[in-house]
Amino acid sequence: MTGELVVGLVVNPVAGLGGAAGLKGSDGADVQRAALARGATPRAGERAARAVRTLLSRRPGVRLVTVPGPMGEDGVRAAGADCDVVRPPHAGPGSVTTAEDTRRAVRALAGVDLLLFAGGDGTARDVLDAVAGLGGQAPPVLGIPAGVKVYSGCFAVSPAAAGFLAAGFDGRSTAEAEVVDLDEEGYRRGAVGPRLYGSLRVPAARAALSGRKTGSSGTEPATVEGIAREVVARMRPGVRYVLGPGATTRAVGRALGLATTLLGVDVVELAPGGTAGAASGGGSGAGRLVAADVSEAELLGLVTGRPAVVVLSVIGGQGFVLGRGNQQVSPCVLAAVLGGRREGDALGEVLVVLATQQKLAALKGRPLLADSGDEDLDRTLRGHVRVITGYRESTIYRMCTASEEYDG
């Protein structure tokens, strides 16, 4: 491949802040302050740097153009790279994090061959708004996943995949990818209603794009309840069970007679005198809710130094098990759970994956994905995992790191 490729970079520095803090999003100054108060650490710049490193390892001659500070330049410098810096008109001093700052940055980089942006679905909406006003000058774009949810189809499956796609972009081959987002206030109340806002032009490489998240509205309730019965039938006394977000994991709570959350991370265990058999048979009162809707810090305290099992469902259409909407189950939490397993316990004894057969079939052979933010830890999870698909039903399915095929 010859010729200089000019790649722009815009980073939303507060993207993903609310994930590990258990706030289910990062929109709004109040939410961002609350996330920081709960110990959240900005990660978008780090994930942008990962994409830049992969891009440059694959295509060293690329020219990078970005905007000052945490909205781009810091990420490029963290990758050990040089860049041209453009200051958008009317940009505020210092750290800027508003939606309008993102839109201004996108407009300032309109002349690039490809625009990378690091953020989540809210950032994708801001990019969509900005390019809509550029007409024929609008460059193709590609999202570096750094948000809490990342339901839109315009994101690469991982930061490394974004760099890989950018390196191979020929400047011509593009496709349309949907931008969807949720009302975060409604989402925090348990109302899940993704809305389609439009589409963005992205490099045409379907295998490395995450695809739009799909729901489970077509799933028979009996299937989900059967999965839940199987989970609780396997539960052991004295073990804490971490239930990730989702309707399937919430059904596990119901089978234990508990009112767990739909979108949060909860910790449950068998109640004194309760039995897994009673719960799996539909009995109530067999479970005890240890804590509901916990943050990463709270969760770490609840699982450290004691037996624990993490129960997660697969995101439909995308295949993610870790790193999308369940950032509370962080690398340090996973390390604590893995470190506390009993001698002889296989990985499947402490990381339980749930999915309907319908959801697995929709992946069309694509693997399940782990993107916890710690690639070394993700590598310890790769291989073939047992997925519970119903009562007394399970299947073996491949899981890999989201960056596995794209490491530079």
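Predicted model: local features only at pLDDT ≥ 70, side-chain atom pairs only at ≥ 80, totals over all residues.
Local features were taken at pLDDT of at least 70 and side-chain atom pairs at pLDDT 80 or more, while totals for chains, interfaces and linings use all residues. Residues are numbered from 1 along each chain as its sequence is written, and side-chain values use heavy atoms, without hydrogens and water.

The protein comprises 16 helices and 16 strands (DSSP runs numbered from the N terminus, helices being H or I of at least four residues and strands E of at least two). Of its 408 residues, 56% are buried (under 20% relative accessible area, 1.4 Å probe, protein chains only).

Nine strands form an open sheet of mixed pairing in the order β10-β9-β8-β11-β13-β15-β16-β14-β12 (pairing requires at least two DSSP bridges between two strands). Its edges are β10 (287-291) and β12 (320-322). Strands β8 (residues 240-243) and β9 (residues 266-270) run antiparallel and are joined by three bridges; Val242 is partnered by Val267 of β9.

Helix α12 packs on this sheet, touching β8, β9, β10 and β11 (308-313) (contact: heavy atoms within 4.5 Å). The axes of α12 (residues 296-303) and α13 (residues 331-339) come within 9 Å and cross at roughly 10° (lines fitted to C-alpha atoms, for helices over the stretch in contact, with angles from 0 to 180 degrees between N-to-C directions). The two helices are therefore roughly parallel (angles under 35 degrees). Glu296, Leu299, Leu300 and Val303 of α12 meet Cys332, Val333, Ala336 and Val337 of α13.

Terms used
Parallel < 35°, antiparallel > 145°, perpendicular 65-115°, else oblique. Buried < 20%, exposed > 50% of the residue type's maximum accessible area, 1.4 Å probe, protein only.
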